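Biologist: I am new to this structure. Please show me how to read its features.

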Amino acid sequence: MVEKTFPMTQEGKEKLEQELEDLKVNKRAEIIERIKIARSFGDLSENSEYESAKDEQAFVEGRISTLENMIRFAEIINDQDYADDEVTLGRKVTFKELPDGDQEAYTIVGSAEADPMSFKISNDSPMAQALIGKKVGETVTIETPGGAFDVEILKVEKNK
């Protein structure tokens, strides 16, 4: 069986490692303490604090498992292997909607580190899929659930 890899930048992998460490060292201890306090209240069958802590414990353990898997199968993308003006994972691309739209800039990252509020979009997104492999000056049609639109790539910057 072939394991799924998780393409990401080195920075993205380091953030996942930090989150994993925090969950294992800090969050687990907090939850264990909450469970201990909730048990002291007596009857566990009607103890909402106990149930809440157990639910959170299950969530945290699931997240730890997910993070460990993503880190184990991380595929660090080296953007040095691509032309300077080529859109690829780990690079910031600036484009404008045609014919006369505003400029927008996004960094294309692996799905594990995507954060649209920070202008980091997943390489699996329709926009990134359309842009990857294209170069400065090219016009690209982006197909989204909301409809298609054309953009012109203005600038590509390497991850610092």
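Predicted model: local features only at pLDDT ≥ 70, side-chain atom pairs only at ≥ 80, totals over all residues.

Biologist: How are two packed helices described?

Modeller: Two packed helices are described by the angle between their axes and by the distance between those axes. Here, the axes of helix H1 (residues 10-39) and helix H2 (residues 48-72) cross at roughly 160° and come within 9 Å. Angles over 145 degrees count as roughly antiparallel, so H1 and H2 are roughly antiparallel to each other. The crossing of H1 past H2 is left-handed. Sorted by class, the contact of H1 with H2 has 14 charged, 13 nonpolar and 2 polar residues.

Biologist: Into which domains is the chain divided?

Modeller: Domain 1 covers 6-76 and domain 2 covers 86-158. Their centres, taken over C-alpha atoms, are 33 Å apart.

Biologist: How many residues of each domain are in contact with the other?

Modeller: 8 residues of domain 1 are in contact with 8 residues of domain 2. The two domains bury about 550 Å² between them, with 60% of it on carbon and sulfur atoms. On the domain 1 side, Pro 7, Met 8 and Thr 9 lose the most area to domain 2, together 59% of what that side buries.

Biologist: What do most peptide bonds and phi values look like?

Modeller: Most peptide bonds are trans, and most residues other than glycine have a negative phi. In this model, a cis peptide bond joins Leu 98 and Pro 99, with omega about 10°. Pro 99 is in the loop between strand E3 (92-97) and strand E4 (103-109). Phe 119 has a positive phi, near 60°, and lies in the loop between E4 and strand E5 (120-122).

Notes:
Residues numbered from 1 in each chain as written. Heavy atoms only, no water. Axes fitted to C-alpha atoms, helices over the stretch in contact; angles between N-to-C directions. Helix = DSSP H or I, 4+ residues; strand = E, 2+ residues; numbered from the N terminus. Parallel < 35°, antiparallel > 145°, perpendicular 65-115°, else oblique. Left-handed = near helix turned anticlockwise from the far one by under 90°. Nonpolar A, V, L, I, M, F, W, Y, C, P; charged D, E, K, R; others polar. Domains from an automatic or database assignment. Contact = heavy atoms within 4.5 Å. Buried area = accessible area lost by both parts, 1.4 Å probe.
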